[in-house]
Amino acid sequence: MNILKLLVKKNIITDSDIEEYCENKTCTWEDVRSLAEKKQIKENELLKAIADGTGFEYIESIPDEGVDVELLKEISIHYLKKHTIFPFRIGDKIMIALNDISNTEPLDDLSVIFGCDVVPILTTKNQIQSAINRAYGDVQEDTDAIIQTIEDDAQYSLEDIDKSSDILYDTSDAPVIKLVNSILTQAVKSKASDIHIEPYLKEVLIRYRIDGVLYQKLTLPKKLHSSIVSRIKIMSQLNIAEKRVPQDGRIEIKIGDRDIDLRVSTIPTAFGERVVLRLLEKGGRLLTLDEIVKNEHLLKELKQLIKISHGMILVTGPTGSGKTTTLYAALNEINTPDKNILTIEDPIEYQLDGIGQMQVNTKTGFTFANGLRAMVRQDPDVILVGEIRDKETAEIAIQAALTGHLVFSTLHTNDAASAITRLVDMGIEPFLVSSSVRAIFAQRLVRLLCSACKQPYKPTAVDAEKFSLDIDYFKDKTVYRPKGCNECLNTGFKGRGAIFEFMKMTEELQSLVLKTSDSNAIKKVAVSQGMKTLKEYGVENYVINGLTSLEEILRVTEV
């Protein structure tokens, strides 16, 4: 009630609000929060008012540099989550971030544990939960200790647990479950896209794919392989007894406040089953075209292009080059109530609000071709076909593009011009390709240099020659290369960006396609009309701006 009176004094609420909401005049902290929500008072405004009237300090966010691994080892993560508190350091002081000002008992407990006075500080519930989840990977039980526990206990059991609602809360004593949970949480914390579990004669390698490159993270004793695979099969509801044929499954887990979808694939090898897990964060924010396309001129052209009423736009590149992310960003850009947008994908990687999405299912005969055939009868304005894999799908997609629909799709080719060759090779008539395809994007993902450790240097004549450039091109420009530090796991890179090759189907190119499907001839004409190659785009928009290195551009463009 003292808090409520304080809020009245601060003109946040009125006495009548209290009488209406708390008739018995006794309110808990949750009641205060509920009343604030009812009055549409934001949590940070509520906490600022309380801090101002009580002498407590309020902070908007918990700084990463204040997180102390040694502090967190002293207390259980379950205790922190139960009381919604988080200890961190500022200077030589230990601060305790809390949300419920009435719950002071944990402050006394932590003061005893740390052997010194602690300073309470107010912040939002989301900030505390986020800090706990960010820090968890740094204080998890050491993998070596888990392995030693397994080796010491010959009778450990593989508990048949379907899945945990939150693997941070999984308190199972089974060492293998702890080990698998540790592998998963470390992968998520490292922002890995895939986990590889690879058995060999005497050992098992655990590798993570981070920013498109595989890194070896663990080497485990061979005798753990069977139990790890069995645990993953239990979680993904696969047949544990069947080890002779490939299997595919799926796991849905929570790691703190993050929902992770795992696609599981197993194959038999000479030394046992090999497992690959693809990680997809369901709550992950979709990137916008402005974030993906760094070149302003290309961004403007692309935004105009995706607003045309009909035709086909293709994005090409190898697996994992970000084609689907770019197409999702394009769909979100044009997703308005007056458009009917339908997609057919394999798999559906992100849920898009306001867009009808279909999943390919080959077991039931629901292929890209069948789905696309049904889709055109649903009166769509825009269609996304996850991938053109065969002649039948290509023919239906092209017919849809010619009959008043805007069609987006992907192809696996090395550059933009090769997409024309691929379609003709599939059996599509050149005149259909010429009249339906409006533009083709070739795309690659390059790793971005770590801003904390990148080093400037002067490119040599040999470097310039690799890009068909004169050494004077770099005369007044600063170019960087990777070094490696703790921030980037000693890789020298952190995050990725997209480079493009944009080929717009001009009248000259349309005429050329009718005569030849030779990709070299098509590319030569496109370049003469101003098309930037992947290498040129990478140098002009990433290398010169200090975002990546020359070697990285070469790595992803040399084929």
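Visitor: Are Phe441 and Phe500 buried or exposed?

Guide: Buried means under 20% relative accessible area, exposed over 50%, partly exposed in between (1.4 Å probe, protein chains only). Both Phe441 and Phe500 are buried. A note on the source: this is a predicted model, where local features need pLDDT of at least 70, side-chain atom pairs count only at pLDDT 80 or more, and totals for chains, interfaces and linings use all residues. Residues are numbered from 1 along each chain as its sequence is written, and side-chain values use heavy atoms, leaving out hydrogens and water.

Visitor: How many aromatic pairs does a search of the whole structure find?

Guide: Rings of Phe, Tyr and Trp (its six-membered ring) pair if their centres lie within 6.5 Å; planes under 30 degrees apart count as stacked, over 60 as edge-to-face and the rest as tilted. The search of the whole structure finds five. One of them is Tyr328 with Tyr350, edge-to-face, at 5.9 Å centre to centre and 80 degrees between the planes.

Visitor: What are the relative accessible areas of Tyr328 and Tyr350?

Guide: Tyr328 has 1% and is buried. Tyr350 has 22% and is partly exposed.

Visitor: Why is the pair of Phe441 and Phe500 edge-to-face?

Guide: Their ring planes stand at 80 degrees, so the pair is edge-to-face, with centres 6.2 Å apart. Phe441, Phe500, Phe502 and Tyr537 form one aromatic cluster.

Visitor: Which ring does the charged end of Lys454 sit over?

Guide: A charge sits over a ring if NZ of Lys or CZ of Arg is within 6 Å of the ring centre and within 35 degrees of the ring normal. For Lys454 the ring is that of Tyr480, 4.6 Å from its centre. Arg447 lies over the face of Phe493, 4.1 Å from the ring centre.
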